[in-house]
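Trainee: I would like to go through this model and check each label against its criterion.
Mentor: Go ahead.

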Amino acid sequence: MSKVKYYYDPDTLSYRKIEPKKSKRYRNVLLFVLGSALFGLLGLIILLNTRWVNTPKELSLEREVRNYELQFDILSKKMQQMEQVLANIEDRDNNIYRLYFEANPIPEEQRRAGFGGINRYKSLEGFNNSEIIIDATKRLDIIQKQMVIQSKSLDEIAKLAEEKEKLLAAIPAIQPINNEDLTRMASGYGWRSDPFTKARKMHWGMDFTAPRGTPIYASGDGKITRADNKSSGYGKHIRIDHGYGYISLYGHLSKYNVTVGQKVKRGDLIGFVGSTGRSEAPHLHYEIFKDGERINPINFYYGSLTAEEFENMLKHANQENQSLD
């Protein structure tokens, strides 16, 4: 309650109450209101700038930051899983796939090589979490590079697998006459007695005795390069170029079932047993060439003989008897 003020009136020789002017009263009220408002605003500003009170915008930003942190944790775990899967694929690539197909392993330094030269992450610097962002970006870039290298490696492996499949199909790997059609395996590869001169002579192939007209089959995929009787001693004969340096020869045929230039698959019927050329009796003379050199056909029957049949053939092939051509 405000104090009442008085003044001495000499005319009446008494004290009179001082009545304040209305304008002054209004001014005082206004100053009080303005002062209160000013102090209230100042207090609010101070309060809003303390850590205990956040504005709705700040609360929204905090939620966004927490959400980003959660997303980053999820991304980091996914990258870790990708790195583990890639490491497993790379290990199998080097130690199984490339080893099987006789390809050189990819060096670890090539797979893990970084990115030299200019600072490609300069635009990510200067932020509160720049270090984390740059580290994550680097990891993603390295993973991407590893995936590119691994993808190229698998492309190479696929090509090698395709080539190996073609090679396995091309190698002459079956007996050219069925076992049930054979009379006997007459003579093998090596030194034998010549049927005409009786002199000891190198026999460059294997002789399969069979009745005239017995079917003869291609021992591997390839292309017919010769089907004629213009090679001395072989009579009517066929040559198949299998690629990869392999050629098979079938001699003393009675007739052909193929023509020059024709492509054949392993097991295709190509001709029939006869006794043309320098031959003592109906049989098939069979040779294999590798890079222009004659090699022993005994090592190329794994595709059609059992272990027991192969052992029996091996015993007969090693006997130094008389050949039929």
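Trainee: How many helices and strands does the secondary structure of the protein chain come to?

Mentor: The protein chain has 5 helices and 15 strands. Helices (H or I, at least four residues) and strands (E, at least two) are DSSP runs, numbered from the N terminus. The model is predicted: local features need pLDDT of at least 70, side-chain atom pairs count only at pLDDT 80 or more, and totals for chains, interfaces and linings use all residues. Residues are numbered from 1 along each chain as its sequence is written, and side-chain values use heavy atoms, with hydrogens and water left out.

Trainee: What share of the residues in the protein chain is buried?

Mentor: Of the 325 residues, 30% are buried. Buried means under 20% relative accessible area, exposed over 50%, and partly exposed in between (1.4 Å probe, protein chains only). The protein chain exposes about 21,500 Å², and 56% of that comes from carbon and sulfur atoms. Those areas come from the Shrake-Rupley method with a 1.4 Å probe; for residues, only the protein chains shown count as cover.

Trainee: What percentage of the contacts between residues at least 6 apart in sequence join residues at least 24 apart?

Mentor: The figure is 64%, where a contact means heavy atoms within 4.5 Å.

Trainee: Why are α2 and α4 called roughly parallel?

Mentor: The axes of helix α2 (residues 56-100) and helix α4 (residues 130-170) come within 10 Å and cross at roughly 25 degrees. Axes are lines fitted to C-alpha atoms, for helices over the stretch in contact, and angles run from 0 to 180 degrees between N-to-C directions. Angles under 35 degrees count as roughly parallel, over 145 as roughly antiparallel, 65 to 115 as roughly perpendicular and the rest as oblique. Therefore α2 and α4 are roughly parallel to each other.

Trainee: Is the crossing of α2 and α4 left-handed or right-handed?

Mentor: The crossing is left-handed. That label applies if the near helix is turned anticlockwise from the far one by less than a right angle, and right-handed if clockwise.

Trainee: What makes β7 and β11 edge strands?

Mentor: They belong to an open sheet of 3 strands in the order β7-β13-β11, with antiparallel pairing. β7 (215-217) and β11 (253-256) each pair on one side only. The twist averages 35 degrees from one strand to the next.

Trainee: How do you know that β7 and β13 pair?

Mentor: Two strands pair if DSSP finds at least two bridges between them. β7 and strand β13 (residues 269-273) have 3 bridges, in the antiparallel sense. Pro215 stands opposite Phe272 in β13.

Trainee: What makes β14 largely enclosed by the rest of the structure?

Mentor: In β14, 7 of the 8 residues are buried, so the strand is largely enclosed. β10 is mostly covered, with 5 of its 6 residues buried.

Trainee: Which bridges link β14 to β10 and β6?

Mentor: β10 and β14 pair in the antiparallel sense over 6 bridges. Leu249 has Glu287 in β14 as its bridge partner, and Tyr250 stands opposite Tyr286 in β14. Strand β6 (residues 206-209) and β14 pair over 4 bridges, also antiparallel. Met206 stands opposite Tyr286 in β14.

Trainee: Why does Tyr244 count as partly exposed?

Mentor: Its relative accessibility is 37%, so Tyr244 counts as partly exposed. Tyr244 is found in the loop between β9 (237-243) and β10 (246-251). These strands pair in the antiparallel sense over 5 bridges, and Ile240 has Ser248 in β10 as its bridge partner. The hairpin of β9 and β10 has 2 residues between the strands, and Tyr244 takes a positive phi near 55 degrees. Most residues other than glycine have a negative phi.

Trainee: Why does Asp291 count as exposed?

Mentor: Asp291 has 57% relative accessibility, so it counts as exposed. Asp291 lies in the loop between β14 (283-290) and β15 (293-295). β14 and β15 form a hairpin with 2 residues between them, and Asp291 in the turn has a positive phi of about 55 degrees. β14 and β15 pair in the antiparallel sense over 3 bridges, with Lys290 opposite Glu293 in β15.
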